[in-house]
Amino acid sequence: MLDSLNRSASELKVWLHDHALPLWLAEGFHGPDGGYSETLTLTGQATTNHRRSRVHPRQVFCFAEAGTRGWGGEWQDAVESGFDYYDRTYQLPNGFYASLADHEGRVLDESFDLYNQAFAILAYAHIAKAQPHRRSELGPRATQMLNTLKAAYAHPKAGFEEASPRKLPLCSNPHMHLFEAAMACETQAGFDHEIWRTQADDIAELCLTHFIDPESGGLREFFDGEWQPHPDERGRIMEPGHQFEWAWLLTRWAISRNRPDALQKAKRLFEIGEGHGLCPVRKVAVMALLDDFSVHDPLARLWPQTEWLKSAMLLAVITEGEERQAYLASAMRAVHALQLFLDVPLKGLWRDKLKADGSFVDEDAPASSFYHIVCAIYELEDCLARLA
C-alpha cells in the first residue's frame, strides 16, 4: 500500500509543480492591478466572473506554501502582489474584508462573513512562513483581526456570531477555518502564540461540546442561537467532507494537547464520513447526509475527496498495525476519488461537481478548489515521510 501511495504522491506533486501552479500563475493571476481570477475555463483561459474575496487569500496560501516546498516558479510576486491587491480591493475601513467584487476591483458586497476573515488570517500566517521579513507586520495584523472579531461578533457563550445584529442559523464551517488559521498562527514565529493557542482551544471545545452530536458522534452544520441543532431540516445536515476535515484538524489538535478524548471523536468523524458518506457506485464522498446518516445530497464535489485523503493519512501516521493499514487503504481510495476530478484534457485544471448519474457538471474550474488540492498533496507527502 505504501508503494502505491508513494507513486501516487509523486504523480500528484508533478501534476502540481509542473502543470497546475504554472498554469494558475500564468492565466489565473493578473499582477498587482488584477489579483486572481475566480475561475479558468477548461481550456485554460481566465474568466471575468465576479470574484469572492476568499479566493485571493486562498490563492496566496497556495503560492506561499508552494514556495516553502521548493517550487521554482515566480511565487514571491504571486504572494506579494496578490495579497496587496486583496488588501487594497477588499479591506474595509472597519478592518474586515468585503465578500465580493467584480473583475475590475469594484466591491459589490461589503457584508461580513466570518469565513472570509478566517482565510485572511490563514494567509497572514502562511505569508509570514514563506517570507520571514513580513512577520513583524503580519503577526500584529493577525492579532488585531482577532481582537476586532471578538469585539464585534463574539457569541456570548462561545465562538462567533454570523452577523450583528444576530442572523441565524449559526454555522460550524467558518469556525473550522478559523480553527485551522489559529493553529497556523500559534506556531508561526512573530505571532502571539498564547492568544492563538487559546483561540484554537476555544474552538476545539466548542466543536467537542456542541458541533459534534453526543449520541451519534457526527458533526452538524447549522445551529440556533444557543449552539443547539437548528430546529428545521438544516439542523440535521452532516457533510461527509466536513466530518473528514474536522477529523484532520481535531487529530492535529488532540496530538498537540495530549487529548485522547478528542482523538477518539476525530476517529468517529472519520468513521462516519467513510462508512456513510461514500457513494458505493462512484467511489466518491458525497455532499451531505442527514443525522440518521441517510444521503441528503448525492452530488460529489472535489473538495471532500481532498479532506478524506488528508484525514486518512494523518490517522494512519498515528496508528499502528491493522488500524494503520485500514487508514492507508482508505487513503488510496481517496487518491483515486481525487484523480477523477483532476482527469481533464489540460493538466493543471479540474472539474468540481460529479452528479449522481456519474456525469460532471459542465463548468469552469474554480480557483477556490486549489487550496484544498494543495493541502492534500502536501499532507500526503508529509505523512508518507513520517511513515518512511
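Close-up 1. With a relative accessibility of 0%, Leu5 counts as buried (under 20% relative accessible area; exposed is over 50% and partly exposed in between, with a 1.4 Å probe and protein chains only). This is a predicted model, in which local features need pLDDT of at least 70, side-chain atom pairs count only at pLDDT 80 or more, and totals for chains, interfaces and linings use all residues. Residues are numbered from 1 along each chain as its sequence is written, and side-chain values use heavy atoms, with hydrogens and water left out. Leu5 sits in helix 1; helices (H or I, at least four residues) and strands (E, at least two) are DSSP runs numbered from the N terminus. Leaving aside neighbours within four places in sequence, Leu5 is in contact (heavy atoms within 4.5 Å) with Met313, Leu328, Ala331, Met332, Val335, Leu380 and Leu384.

**Close-up 2. Helix 1 crossing helix 12.** Here the two axes come within 10 Å and cross at roughly 145 degrees. Axes are lines fitted to C-alpha atoms, for helices over the stretch in contact, and angles run from 0 to 180 degrees between N-to-C directions. Among the residues making this contact are Leu5, Leu12 and Trp24 of helix 1 and Phe370, Leu380 and Leu384 of helix 12.

Close-up 3. Helix 11 covers residues 321–342, and its 22 residues should span 32 Å at 1.5 Å a residue, the expected span being 1.5 Å times one less than the number of residues.

**Close-up 4. Glu161 in a loop.** Glu161 lies in the loop between helix 5 (135–153) and strand 5 (170–171), and at 9% relative accessibility it counts as buried. A polar contact of 2.6 Å joins the side chains of Glu161 and Arg166. Such a contact is a pair of N or O atoms within 3.5 Å; within protein, one must be able to donate a hydrogen and the other to accept it, and residues adjacent in sequence count only if both atoms are side-chain atoms.

Close-up 5. The structure holds 0 disulfides, a disulfide being a pair of cysteine sulfur atoms within 2.5 Å. The closest cysteine sulfur to that of Cys375 is in Cys62, 7.2 Å away, so it is too far for a bond. Cys375 is buried, with a relative accessible area of 10%.
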